[in-house]
Amino acid sequence: MENEMITEPDLQRIFNTLLIHGGIDGDEKTGAVSVPVYLTSTYRQIELGQHKGYEYSRTGNPTREALEVLIKELERGAAGFAFASGMAAITAVLLLFKSGDRVIISNNVYGGTYRVLDKVFKRFGLEYEIADTSNIQEVESKFNGEIAAVIVESPANPLLTITDIRKISQIAKKNGALTIVDNTFMTPYLQRPLELGADIVIHSATKYIGGHSDVIAGLVVTGDTEIANRLQFLQNATGGVLPPFDSWLLLRGLKTLSVRMDRHIENAVYVAEFLKEHDGVTRIFFPGIEDSIGYNIHKKQAKGPGAMISFILSQEYDIRIFFQNVKLISLGESLGGVESLVSHPASMTHASIPPEIRRKVGIDDNLIRLSVGIEDKEAIVDDLKYAFSKARKK
Ligand SMILES: *Cc1c(COP(=O)(O)O)cnc(C)c1O
């Protein structure tokens, strides 16, 4: 509401200030500028039926609340919720549905999202359908039957596929379905799905929001107060809450979010330019490249390309040797930390997706996913150059 008339530079100014002073700024009682870590399970009550706003830390904890208020403000929603992992957050959101409901998911949704739907929720009667959500016609055609929700990621893992969040939200709304966006790759600094029409936004805060590869966490924000009430009930009823210290780590990580993202992007653009010209790369996927698929849609809904790059290694190079010879860049799962990470989607993040489906959606066995960190950009490129030189089959 208040942001209708705010111009883009204003929005950024407010956003950057919110990162430092938003939510619950410091501690009123002592003047501490950092929100205290409230390591307490319970709270002394004044008398029967009267307390100071907190009863039990599964239900509410002041450190977690500071984070929940902050992420709500950053995503411009009505309420925020912090969970013990991205998967706990996704699970809580899926618990909004009931047996017999059907949801549409992107064909390259995060592997864990697919797994929890296929191996857990299906047993309880929640059905899913897979669609290429970058293809609006295909999504529209799936609305033949009753659909309760559409779950998308944009850019999606690992091919950085772009889905038009505005269009998907419009179609979903017309059909009485919710739009749920996993905004992990973008963060609210670069993309705010609720402003684009989505109902619920999810983060694996383990990634860019935490930003330092030291915490597992999940966040959910909704703009709808009724959904917010139901999520609050589910968070307390199922109990997958984020502990106080981990909440504090996210508050700390968020303070530098925009500074980190700006550097992540600067480095990623530099690395992408290098990869694009290299003969060891047959294809590159990065929303910062002008001829990438969905570039114009991405530009309309996000403020920057992020720092995830995927590329297909040429058959002239040995992928195992390539991975053995990155030194500065770590081979590992995850993404979004200050350190550069490289992974092999086919055997790591997307191993739980059956090989036939994997190939159908274009997750080549030679696909490499790079999370560009904030080290010196020349050093990252030098590391890649060395790995390419070693991996070249004579
Ligand atoms: C990592 C990730 C998740 C899962 O989050 P965890 O914190 O590992 O449970 C969900 N979605 C995306 C896009 C992710 O990258």
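This is a predicted model: local features need pLDDT of at least 70, side-chain atom pairs count only at pLDDT 80 or more; totals for chains, interfaces and linings use all residues.
Residues are numbered from 1 along each chain as its sequence is written, and side-chain values use heavy atoms, with hydrogens and water left out.

**Around the ligand**

- There are 14 residues around the ligand, and Gly 86, Met 87, Asp 182, Thr 206 and Lys 207 come nearest; a residue counts as near if one of its heavy atoms lies within 4 Å.
- Asp 182 puts a polar side-chain atom 2.6 Å from a nitrogen atom of the ligand.
- For Lys 207, a polar side-chain atom sits 2.7 Å from an oxygen atom of the ligand.

**Where the domains meet**

- The protein chain splits into domain 1 (3–254) and domain 2 (258–391), with bounds that come from an automatic or database domain assignment.
- Taken over C-alpha atoms, the centres of domain 1 and domain 2 are 26 Å apart.
- Domain 1 brings 37 residues to the contact and domain 2 brings 42 residues, with contact meaning heavy atoms within 4.5 Å.
- Between them, domain 1 and domain 2 bury about 3,200 Å², 62% of it on carbon and sulfur atoms; buried area is the accessible area (1.4 Å probe) that two parts lose on being put together, summed over both.
- On the domain 1 side, Leu 159, Leu 190 and Tyr 208 lose the most area to domain 2, together 23% of what that side buries.
- What holds polar partners across this interface? The rule finds 15 residue pairs in polar contact, both residues at pLDDT 80 or more, and the count of salt bridges between domain 1 and domain 2 is 0.- The elements giving two or more residues to the side of domain 1 that touches domain 2 are α1 (8–21), α4 (111–119), α6 (165–174), α7 (187–190) and α9 (244–255); helices (H or I, at least four residues) and strands (E, at least two) are DSSP runs, numbered from the N terminus.
- With 4 residues, α1 gives the most to that side.
- That side of domain 1 divides into 17 nonpolar, 15 polar and 5 charged residues, where Ala, Val, Leu, Ile, Met, Phe, Trp, Tyr, Cys and Pro count as nonpolar, Asp, Glu, Lys and Arg as charged, and the others, Gly among them, as polar.

**Salt bridges**

- The count comes to 13 salt bridges, each being a side-chain nitrogen of Lys or Arg within 4 Å of a carboxyl oxygen of Asp or Glu.
- One of them joins the side chains of Glu 140 and Lys 174 (3.8 Å, N to O).
- Glu 140 lies in helix α5 (residues 136–142) and Lys 174 in helix α6, so this pair ties together parts that are 34 residues apart in sequence.

- Most residues other than glycine have a negative phi, and most peptide bonds are trans.
- A cis peptide bond joins Ser 154 and Pro 155, with omega about -5 degrees, and Pro 155 sits in the loop between β4 (149–153) and α6.
- Asn 157 to Pro 158 is also a cis peptide bond, with omega near -10 degrees, and Pro 158 lies in the loop between β4 and α6.
- Thr 187, in helix α7, has a positive phi of about 65 degrees although it is not a glycine.

Notes
A polar contact is a pair of N or O atoms within 3.5 Å; within protein, one must be able to donate a hydrogen and the other to accept it, and residues adjacent in sequence count only if both atoms are side-chain atoms.
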